[in-house]
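Subject: Structure handover

Hi,

Here is the structure I promised to pass on. Please open it alongside the notes that follow.

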Amino acid sequence: MEFMEVVRKRRSIRRYKPNPVPAELIRQMLEAGRLAPSWANTQCWHFVVVTDEEVRMKIGEAGMRFVGRAPVIIVVCADPEKPGYKGDIPNYLVDVGIVMDHMILAATDLGLGTCWIGGFHEHVVKDALGVPENMRVVAMTPLGYADQEPEARPRKALTEIVSYDRYAQ
Ligand SMILES: Cc1cc2nc3c(=O)[nH]c(=O)nc-3n(C[C@H](O)[C@H](O)[C@H](O)COP(=O)(O)O)c2cc1C
């Protein structure tokens with residue numbers, strides 16, 4: 001797909017078909033994440049691919065139940081210490097944001113649905129996956145073939161969010 005078509009086509013998918021996702025497609029999505037830029041190229045992330053049903057259900061119970069019903073969940077963890085801080089802004093959150101977007105757009109291009117998930121109890125996910133103490137679980141996405149076609153949600157117009165040369169309200 002042409003890049004802007006991928007960007008326009010992406011939706012948050014909250015219902016998935018039970019069909020498994022071919023390993024090669026998961027690999028391509030992870031590869032898109034691997035290539036993401038990061039603070040000083042520190043690549044502070046670790047991706048956990050979850051397909052085991054029991055583990056998926058535990059992760060669903062950590063926040064959004066529909067997540068556990070997707071055939072795959074990709075959980076993105078990060079080490080906050082590696083990229084450090086820019087003033088009071090934690091770089092690992094920025095880096096994980098970029099990784100997630102790379103992977104989600106790649107999945108869209110591969111015909112797969114995703115939904116960025118930030119709402120979950122981190123300690124439940126850490127327990128379920130055995131994530132080391134020093135790592136944070138920042139985000140996750142269910143992954144699978146969409147079983148719904150949501151309308152595009154509205155976005156602000158460029159005129160509302162862009163100014164030139166000087167910040168204008
Ligand atoms: C940082 C972040 C966290 C999010 N967390 C959740 C979540 O916990 N549960 C959920 O259902 N959607 C979550 N979303 C999806 C947003 O609700 C969704 O992107 C937004 O409503 C726009 O819809 P669209 O993705 O279909 O364009 C999250 C999105 C972002 C970027």
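Four strands make an open sheet, ordered β1-β2-β6-β5, with antiparallel pairing. Its edge strands are β1 (45-50) and β5 (113-114), and each of them pairs on one side only. Strands here are DSSP runs of E with at least two residues, helices are runs of H or I with at least four, and both are numbered from the N terminus. Two strands pair if DSSP finds at least two bridges between them.

This is a predicted model: local features need pLDDT of at least 70, side-chain atom pairs count only at pLDDT 80 or more, and totals for chains, interfaces and linings use all residues. Residues are numbered from 1 along each chain as its sequence is written.

Back to the sheet. β2 and β6 pair in the antiparallel sense over seven bridges. Ile-74 has Thr-141 in β6 as its bridge partner. β5 and β6 (residues 136-144) are also antiparallel, over two bridges. There, Gly-113 stands opposite Gly-144 of β6. β6 is mostly covered, with eight of its nine residues buried (20 or more other C-beta atoms within 10 Å of a residue's own; exposed means 12 or fewer, partly exposed in between; C-beta atoms are placed from the backbone).

Now look at Val-72, in strand β2 (residues 72-78). Why does Val-72 count as buried? Because 22 other C-beta atoms lie within 10 Å. Leaving out residues up to four places away in sequence, Val-72 touches Val-21, Ile-26, Val-49, Val-50, Thr-51, Leu-143 and Gly-144. Contact means C-beta atoms, placed from the backbone, within 7 Å. Val-72 and Pro-142 are 70 residues apart along the chain, yet their C-alpha atoms are separated by 5.8 Å.

Next, the helices. α2 (residues 23-34) and α5 (residues 91-109) pack at an angle of about 145°, their axes 8 Å apart. Axes are lines fitted to C-alpha atoms over the stretch in contact, and angles run from 0 to 180 degrees between N-to-C directions. From α2, Gln-28, Met-29, Ala-32 and Gly-33 meet Val-99, His-102, Met-103, Ala-106 and Ala-107 of α5. That contact divides into six nonpolar, three polar and no charged residues. Nonpolar covers Ala, Val, Leu, Ile, Met, Phe, Trp, Tyr, Cys and Pro; charged covers Asp, Glu, Lys and Arg; the others, Gly among them, are polar.

Last, the ligand. Residues around the ligand (C-beta atom, placed from the backbone, within 6 Å) include Arg-11, Ser-12, Met-64, Trp-116 and Arg-153. The shell divides into five nonpolar, three polar and three charged.

Best wishes

Methods. Two residues are in contact if their C-beta atoms, placed from the backbone, lie within 7 Å.
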